[in-house]
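Subject: Structure for you to look at

Hi,

Here is the structure I promised to pass on. Please open it first, then read my notes beside it.

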Amino acid sequence: MKNTHPQGSAQTLTGKITEWLTFDNMHHQWLLLAACFWVIFMFMVASKFITLTFKDPDAYGAKQEFLLLTAVPDAGKLPGEKHFPEELKPTGKGLVQPLVYMERLELIRNVCKDEALKNLSHTAISKFVLDRIFVCDKHRILFCQTPKVGNTQWKKVLIVLNGAFPSIEEIPENVVHDHEKNGLPRLSSFSDAEIQKRLKTYFKFFIVRDPFERLISAFKDKFVHNPRFEPWYRHEIAPGIIRKYRRNRTETRGIQFEDFVRYLGDPNHRWLDLQFGDHIIHWVTYVELCAPCEIKYSVIGHHETLEDDAPYILKEAGIDHLVSYPTIPPGITVYNKTKVERYFLGISKRDIRRLYARFEGDFKLFGYQKPDFLLN
């Protein structure tokens, strides 16, 4: 049969092909658009992941601490919130001080304002105090010596920083405390103007420990073991204490801790102190050594937390890349409550109370608790 509509059939076919191509093109466009949205979405997720994964942990920590320590305007101040005065803001070379170090400085400031403790917390910045402070001009550091609190190691750090020896390991033990050889100038060796300049502008720190445990350490080191062979403690100082404070005159043993406690707790102890000279630095109060109410220290370290405090002090002073604090033997800095109680066992409450009365300023200034055996 002869086809009478060849042209119409061709047009119909062409239309269908055009319609199919149009639909297929739109289908590809939608697919392309969906793919673009998918790529954008994945890029956003990846960016967020990268940001969270590779953010500098130190910077993040610093930011969080800054939020904790930044003073809130009075209008929005929260109830019970701590406000740190201007003089208690970070004074070291680091950007931010962790809260614990700020709280230590705030505690000192508050105790220094307590009129009831004024005689126990304040002292003049005398030559005796200035003799205790060692200077590192090269790195603008002042270190106040508090014997029986790991000071030998801090002296080694400063000796290296001053350039007297290239490393801590190379410093002979007999040089550390020889102030003619160790290269550590005392603050008292400068003029008044130079002293004031350093006190105002240098990084300043010292270390404390439980006051009674420190006294036990001093007694053992100077009167029992005497590792550096300093015979004057046993042959001159000990007999002087025994003559004045031993109750049992028939007792022939060497100095006992009870004698030592009576001497230190005696309100009239100063007449013996004058006879003993600078040797008393091993048992006088932190207040008498470093004048914490008169000198605004940058950091107060605690012997009990020295594993954390030593690196922090080095970092705040800007010297952590130059020297490290010597390795601390495990457990050596832990407060030994049992040892303290054992040493004070058998000593009269009256004598212990008199001792505490003398060192109460140290207990309060640095946050140490009154011993349990004095609470009963």
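Glu-360 and Lys-364 both sit in helix α16, which runs over residues 349-365. They are four residues apart, about one turn of the helix. The two form a salt bridge, and their closest N and O atoms are 3.0 Å apart. Lys-364 is partly exposed, at 34% relative accessibility.

Keep in mind that this is a predicted model.

**The whole protein**

The protein has 376 residues, and 41% of them count as buried. It contains 16 helices and four strands. Take the contacts with a separation of 6 or more: residues 24 or more positions apart account for 69% of them.

**Salt bridges**

How many salt bridges does a search of the whole structure find? The search gives 22. Here are two more to look up.

Find Asp-278 and Arg-132. Their side chains meet in a salt bridge, at 3.9 Å from N to O. Asp-278 lies in the loop between α12 (270-276) and α13 (286-290), while Arg-132 is in helix α5, so this pair ties together parts that are 146 residues apart in sequence. Arg-132 counts as buried, at 3% relative accessibility.

Now go to Arg-246 and Asp-259. Their side chains also meet in a salt bridge, here at 2.6 Å from N to O. Arg-246 is in the loop between α10 (231-245) and α11 (257-265), and Asp-259 is in helix α11, so the pair ties together parts that are 13 residues apart in sequence. Arg-246 counts as buried, with 6% relative accessibility. Asp-259 counts as buried too, at 3%.

This pair belongs to a network of salt bridges. The network links Arg-246, Arg-247, Glu-258, Asp-259, Arg-262, Arg-350 and Asp-351.

**Helix α11**

Stay with α11 for a moment. The helix is mostly covered, with eight of its nine residues buried. Those buried residues are Phe-257, Asp-259, Phe-260, Val-261, Arg-262, Tyr-263, Leu-264 and Gly-265. What do they pack against? The answer is α9 (211-225), α10, α12, α15 (337-344) and α16.

Phe-276 counts as buried, at 8% relative accessibility. Leave out residues up to four places away in sequence, and Phe-276 touches Ile-237, Ile-241, Tyr-263 and Trp-283. Tyr-263 is one of the buried residues of α11. Also compare Phe-276 with Glu-236. They are 40 residues apart in sequence, and their C-alpha atoms are 8.5 Å apart in space.

**Helix α8**

Next, turn to α8, residues 192-201. Ile-195, Arg-198 and Leu-199 are buried there. Why do they fall on the same side of α8? They cover an arc of only 100° around the axis, and that puts them on the same side. The face turned away from this buried side carries the exposed residues Ala-193, Lys-197 and Lys-200. Several elements cover the buried residues of α8, including α5 (127-132), β1 (133-136), β2 (141-144) and β3 (203-208).

**A buried lysine**

Last, find Lys-155 in helix α6, residues 151-161. Lys-155 is buried, yet it has no salt bridge. Where is the nearest side chain of opposite charge? That is Glu-230, and it is 9.5 Å away. The cut-off for a salt bridge is 4 Å, so Glu-230 does not qualify as a partner.

Lys-155 does have a polar contact. Its side chain makes one with the side chain of His-177, at 3.2 Å. Now set aside the neighbours within four places in sequence. Lys-155 is then in contact with Phe-134, Gln-145, Val-176, His-177, His-179 and Leu-184.

Write back when you have been through it.

Best wishes

Methods: Residues numbered from 1 in each chain as written. Predicted model: local features only at pLDDT ≥ 70, side-chain atom pairs only at ≥ 80, totals over all residues. Heavy atoms only, no water. Helix = DSSP H or I, 4+ residues; strand = E, 2+ residues; numbered from the N terminus. Buried < 20%, exposed > 50% of the residue type's maximum accessible area, 1.4 Å probe, protein only. Lys, Arg positive; Asp, Glu negative; His and termini not counted. Polar contact = N/O pair within 3.5 Å; in protein donor to acceptor, adjacent residues only side chain to side chain. Contact = heavy atoms within 4.5 Å. Arc of directions from axis to C-beta.
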